[in-house]
Amino acid sequence: MAHWTANRHTPEPERTVEPRPLPRLRHSVAWSLFGNTAYATSQWALLASVSKLGGAEMVGQLALSLAIASPVFLFTNLQLGTVQTTDTFDRFTFADYFALRLTSTGLGLVIILLTLGIWPQNRTTTAVTLFISGYKALDSVSDVIYGFFRKHERMDLITIAQAVKSIATVAAFTAALMLTSRLTWAAGALALAGSVTLVTCDFPMLRQLSRVAGTGRRFRLAPRWSKQTSVRLIKLTLPLGVSAMLVSLNANIPRYFIGHSLGETSLGFFAGTAYITMAGTFVIGAVAQAVLPRLAHYYTIGDLASLKAVLFRLSAFAVGIGAAGVFLSAIAGRQFLSIIYRPEYGPYATLLTFLACAATVAYEASVLNCALNAVQRFGQQLPLFIATSAATALACVLLIPAHSLYGAALALTVGYGVQVAGAAAIVTSALRSRAANAHT
């Protein structure tokens, strides 16, 4: 990997990347699917254990804690993992990304503390939010490591790390909840398990890959703090961080409205039901992560035909997953909810169908967001996601008072619809521009 500094930056247009031998895409997709499935299963297992051992109100407390912490850390993460994956010209080293990630993660923890001071919660929700934030901070460190893995298309290493973390965190969380019947202790056990897997699994695999990938002695695991380099990275990634925060807000805005107007118990039913549709989100996300470096490479070398072919197949896959979810929720939603949670979730089967429809639009939005990153239209994402969140919030104001939880599902559909339309327009424009430049 080339070692670039702030004073040795060559403008991208003057540099070229030749086509290179690539591992088989189906292998990368398979590994990524397996890893994200394990992670998605673990996240559902946490929610299911809370539902069965604590009830809907406790699910609502966990959901609210996640809704507070997730947007903050998605903002401070600055999508450094994605930028690292698509950094075809190796403008920055891992040490540069790592240093900024540690700094921004510390800022995220400070923001959480300020948020809880301005928007106070009950004692349990506050304590759970703090532990969840600690776990999210550890996840942020893992994310920049996974970015290095994805850059070298080593999805197998990400899968191993996710599987180990999933088993450890679910076991620790569930055991603590069973022994104490308190969500606070369970969240603390979750954070502890996350720290152990980071030290014993993620870092050793990073060191091993750095040797195999040919980075040699120039690879530096320790963070390298450079003001000039960090400023350059922040200028590049700040729009991405804000965009990621807005994407998370878009998904969580209905939860804020529900928690405020309908209470934590209603939020628990909504969050538990909605999480089932997120299984598809993890599947689509896994495939998108696997194909992202390939799409970025195709765009860089100007192979737009291959890029469009992969993107079309990914879009068709997303729509197919969504349609299957709508069908299954319509015919077996009540039985499924009653079995995996509790019988009192059964009456929310119609809500599950509404949420499955919203999820179908969300899956396509995830595909187009992957395409936006591949063509590196980072700055244009910010106004798009501002419009998306604004549309979702307005729909919540209009629909939740009249239609309760169903209005929240409809509001999500409206917001994701805006995102799909805007992202499609940006990607189409980028591909046309790239094609025009290739012929000049």
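This briefing covers the salt bridges and the second largest pocket of the structure. The model is predicted. A search of the whole structure gives 4 salt bridges, and the second largest pocket has a volume of about 370 Å³.

**Salt bridges**

- Asp96 and Arg224 pair through their side chains, with an N to O distance of 2.5 Å.
- Asp96 belongs to helix H4 (residues 94-118) and Arg224 to the loop between helix H7 (183-212) and helix H8 (227-261), so this pair ties together parts 128 residues apart in sequence.
- Asp96 and Arg224 are both buried.
- Arg101 and Asp143 form a salt bridge at 3.2 Å, N to O.
- Because Arg101 lies in helix H4 and Asp143 in helix H5 (residues 123-151), the pair ties together parts that are 42 residues apart in sequence.
- Arg101 has 0% relative accessibility and counts as buried, whereas Asp143 is partly exposed at 23%.
- A salt bridge also joins the side chains of Glu344 and Arg342, at 3.6 Å from N to O.
- Glu344 counts as partly exposed at 38% relative accessibility, and Arg342 counts as partly exposed at 27%.

**Second largest pocket**

- The lining of the second largest pocket has 19 residues, and the closest to the pocket centre are Ile276, Ala324, Gly325, Leu328 and Ser329.
- Helix H9 (264-301), helix H10 (304-340) and helix H11 (349-374) are the elements that each give two or more residues to this lining.
- H10 gives the most, with 10 residues.
- By residue class, the lining of this pocket holds 13 nonpolar and 6 polar residues, and no charged ones.

Notes. Residues are numbered from 1 along each chain as its sequence is written. This is a predicted model: local features need pLDDT of at least 70, side-chain atom pairs count only at pLDDT 80 or more; totals for chains, interfaces and linings use all residues. Side-chain values use heavy atoms; hydrogens and water are left out. On a 1 Å grid over the protein atoms alone, a cavity is a set of points where a 1.4 Å probe fits but cannot get out, and a pocket is an open set with protein on both sides within 12 Å along at least five of seven lines; lining residues have an atom within 4 Å of a point. Grid points are joined across faces, edges and corners, and a volume is the space filled by probe spheres set on the points. Helices (H or I, at least four residues) and strands (E, at least two) are DSSP runs, numbered from the N terminus. Ala, Val, Leu, Ile, Met, Phe, Trp, Tyr, Cys and Pro count as nonpolar, Asp, Glu, Lys and Arg as charged, and the others, Gly among them, as polar. Buried means under 20% relative accessible area, exposed over 50%, partly exposed in between (1.4 Å probe, protein chains only).
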